[in-house]
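Hi everyone, thanks for coming. I'd like to walk you through one model today, so please have a look at it with me.

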Amino acid sequence: MGGFIATEVAISEPERVDDLTLVSAAGITWARARREPAEMLARVGRAAAPVALRFQMSGIRRPKFRRRAFRGVFYDPNALRPEVLWENIVPAFQSPGYFDAMRNLVGYDIRDRLEEIGVPTLIVWGRNDMIVPVGDAARYERLIGANARVEIFEDTGHVPMIERPSRFNALLDEFLAGDPAPEHAIPGVNA
């Protein structure tokens with residue numbers, strides 16, 4: 001939800017933002033989602049979370065279980081240490097505001113305001129993101145306009161910064177330094 005929040009800040013309080021990086025950001029597809037099913041899923045998730053977390057804690061060390069349980073978030077869950085997977089799931093479900101934030105995110109439409117973003121914007125996405133469709137990266141770029149640049153990571157799910165940390169950090173360093181895209185870069189198609 002960080003990209004969604006950062007986008008809202010960049011629009012609402014532009015004087016506080018010099019650069020913007022959106023990583024698999026919700027806000028385009030989710031704006032069309034109906035709120036009622038999201039609220040119901042949030043309630044069910046909140047009720048089931050303690051049981052699900054205990055179940056996952058016991059099975060997270062088994063590769064087949066890891067793959068099934070985390071495939072929706074990570075392209076290859078077995079390439080990551082179990083502790084990394086765990087740290088990316090447990091704090092969210094245990095956070096008292098997680099489900100309320102999720103409920104409020106779904107259906108909140110920011111699309112018609114994205115053109116107000118006037119700062120350089122890096123949009124990073126995993127080609128295999130199963131949570132927020134990769135097509136949303138191009139939509140963000142189009143709606144933000146000339147200040148936006150897209151980078152797509154191949155064989156990567158919803159969290160490129162975790163699945164490809166070296167590449168992500170180098171890209172972010174280059175972007176924040178204000179350097180142009182690398183010569184090998186093809187906007188929107190980079191591996």
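Let me start with a cut-off: a residue counts as buried when its relative accessible area is under 20%. Keep in mind, too, that this is a predicted model.

With that cut-off in hand, let's go to Asp136, which is found in helix H6. Is Asp136 buried or exposed? Its relative accessible area is 0%, so Asp136 is buried. And which residues does Asp136 touch, once we leave out those up to four places away in sequence? They are Ile28, Thr29 and Trp125.

Now let's zoom out to the helix. As a reminder, an α-helix has 3.6 residues a turn, so residues three or four places apart point the same way.

What lies over that buried side? Then, just after H6, have a look at Gly145, which takes a positive phi of about 105 degrees.

Met1, Ile5 and Val9 make a nonpolar patch of about 230 Å². Val9 belongs to helix H1, residues 2–12. With a relative accessibility of 30%, Val9 counts as partly exposed.

That's my tour, and I'm happy to take questions!

Methods
Residues numbered from 1 in each chain as written. Predicted model: local features only at pLDDT ≥ 70, side-chain atom pairs only at ≥ 80, totals over all residues. Heavy atoms only, no water. Helix = DSSP H or I, 4+ residues; strand = E, 2+ residues; numbered from the N terminus. Buried < 20%, exposed > 50% of the residue type's maximum accessible area, 1.4 Å probe, protein only. Contact = heavy atoms within 4.5 Å. Patch = residues over 30% accessible without salt bridge, like charges linked within 9 Å, V, L, I, M, F, W, Y side chains within 5 Å. Areas by Shrake-Rupley, 256 points an atom, 1.4 Å probe, with all protein chains shown as cover. Salt bridge = Lys/Arg side-chain N within 4 Å of Asp/Glu carboxyl O.
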